[in-house]
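Reader: Could you take a close look at one buried spot in this model for me, and then carry on to whatever else you can tell me about the chains and ligands?

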Amino acid sequence: MKLTDLTRLGKFVVTSEVGPPKGINLDKMLHEAEYIRGRVAAINVTDNQSSVMRMGGLAACKVLKDKGFEPVFQITCRDRNRLALQADLLSAAMFGIENLLLLTGDHIVLGDHKDAKPVFDLDSVSLAHCVKRLEEGFDLAGNKLDGEAPKFCKGAVVSPCAEPLDPQLFKMEKKIKAGVEFFQTQAVYEPEKFEKFMKRVKEFGVPVYVGIVVLKTVGMAKFMNENVAGIHVPDSLIEELKKDKEKTKSGQTGVEISARLIKDMKNMCQGVHMMPLGWDDKVPKILEMAGV
Amino acid sequence: MLITKVKTKEELLPVLSGRVLVIPCLGCSQSYFPVEEFNRLKDELKSSGANLASEVTFDYMCREDFTERRLEIYREQLEAADTVLIFSCGVGIQTFAGLIPGKKIVSGSDTFYVPGFPGFTPSEHDCEQCGECRMGLTFGICPVTACSKGLLNGQCGGAKDGKCEVDKNMACGWQRIFERMNALKGSDKALKEGVQIRDYKKSSL
Ligand code: SF4
Ligand code: SF4
């Protein structure tokens, strides 16, 4: 089912995320998905996340779909030109995959094939435009598609805590004009900033699903503050992780923080997108504590 | 070797505002300058209501020291202008824009690549000769070369503290575009219109 249809029905949309393996053994990925079966509306499948080569997301989406999960096909512009992107989009439609997350993608040099050619023939905005053209029955070059046109639900990302925020809002608006129908956000640890962001994007009238990355260690929080764009973990949360080492190690602190963040923000937005980074087993507990 | 081709009246009219100072860059052996088309375009712009208030000629605009000197000489004309419409290669326009951060710059021409030895003008500015110069929309900063991904429709999610995700020592090109826009009290309206997609037939790469 399309995520935006759930929002239209008044449901609070909960999604989570898995990453395909570096190889062809799907046991671990499917095991992670089983933890959240029935607890989430859909599961995002990442696309060579952080520019690290892995099994393709489309195949992983198809496997999840066959097992009764609703996949969100993440598709980046880093590795494919406009022909390959359209080919994969048509393949996804043929498999009945409806939900897309359209991304520019991290740069090649951040990953494990630093000597590869960065593609970026399209970007997240022109990719959204391209999907819209396919839905209208044409490819990007204006050629007519044979038969029924594909129908998707088009998502994209935005960073609510980026500084400055204006370039992000500019891009968000361009994405919406190009046909994007929902947004999943970068991880948010500052509900006050998120509230301000939501006030500014309210007029756009598109659903926003807030991103939550479960904090595992103090080191992870500090690393993100140093290196990850658009993320700021406040000192108070870092102190909380430091306070009880055993509790943090067991994951309990991360679970409590995540649940609290969701509670604080759930009334500001239309859903939550969990990025558990392997801690999928903790997701049901978090959702339960947050009351969603 | 490169070739510049003047843009069309349709493309330029919406981005020209107020008193316009026209600057062609002539006399560079690396670049072919289409004089006839340039004159024709100016007539067309004028008869469509653009206020082409004055014109001064540069050469080797890409050379910062030359351009600095000319900026001194033509200070009066520059100060009187609301928009500077430049006909030069992409490197020339960026050199000019870099020297006067407070001016609205519009590229009047597209820079194309022609096979052969491209001459030697070392510069921190770069032009990939994409054949569809976008600097009229991006406030004199080239999105193709100033952004590591060559993004045409805005900033990616990777900029941190104004730096590019690829290199902490490199300013994010899109942040530079927005900073310059804010310094000029410019609007992002034209930039927000439409979806930019590159035509690789027109480019060197
Ligand atoms: S947009 Fe950049 S690459 Fe293209 S012609 Fe202008 S300066 Fe050169
Ligand atoms: S961080 Fe800025 S310069 Fe770097 S790829 Fe993203 S938009 Fe381009």
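Author: A:Thr248 counts as buried because its relative accessibility is 7%; buried here means under 20% relative accessible area, with exposed over 50% and partly exposed in between (1.4 Å probe, protein chains only). The model is a predicted one, in which local features need pLDDT of at least 70 and side-chain atom pairs pLDDT 80 or more, while totals for chains, interfaces and linings use all residues. Residues are numbered from 1 along each chain as its sequence is written, chains are lettered from A and ligands numbered from 1 in the order in which they are written, and side-chain values use heavy atoms, leaving out hydrogens and water.

A:Thr248 sits in helix α10 of chain A, residues 245–250; helices (H or I, at least four residues) and strands (E, at least two) are DSSP runs, numbered from the N terminus. Leaving aside residues up to four places away in sequence, A:Thr248 touches A:Lys216, A:Thr217, A:Glu240, A:Leu241, A:Thr253 and A:Trp279, where contact means heavy atoms within 4.5 Å.

Helix α8 of chain A (residues 218–227) has A:Val218, A:Met220, A:Ala221 and A:Met224 as its buried residues. Those residues pack against β7 (208–213) and α9 (235–243) of chain A.

Now to the interface. Chain A gives 32 residues to the contact and chain B gives 27. The two chains bury about 2500 Å² between them, 56% of it on carbon and sulfur atoms; buried area is the accessible area (1.4 Å probe) that two parts lose on being put together, summed over both. On the chain B side, B:Asn153, B:Lys160 and B:Lys192 lose the most area to chain A, together 26% of what that side buries.

Two salt bridges cross this interface, a salt bridge being a side-chain nitrogen of Lys or Arg within 4 Å of a carboxyl oxygen of Asp or Glu. The side chains of A:Lys177 and B:Glu193 form a salt bridge at 3.9 Å, N to O. In chain B, α7 (173–183) and α8 (189–192) each supply at least two residues of the side that touches chain A.

Finally, the ligands. The shell around ligand 1 includes B:Cys127, B:Cys130, B:Cys133 and B:Cys142, and the shell around ligand 2 includes B:Cys147, B:Cys156, B:Cys164 and B:Cys172; a residue is near a molecule or strand if one of its heavy atoms lies within 4 Å of it.
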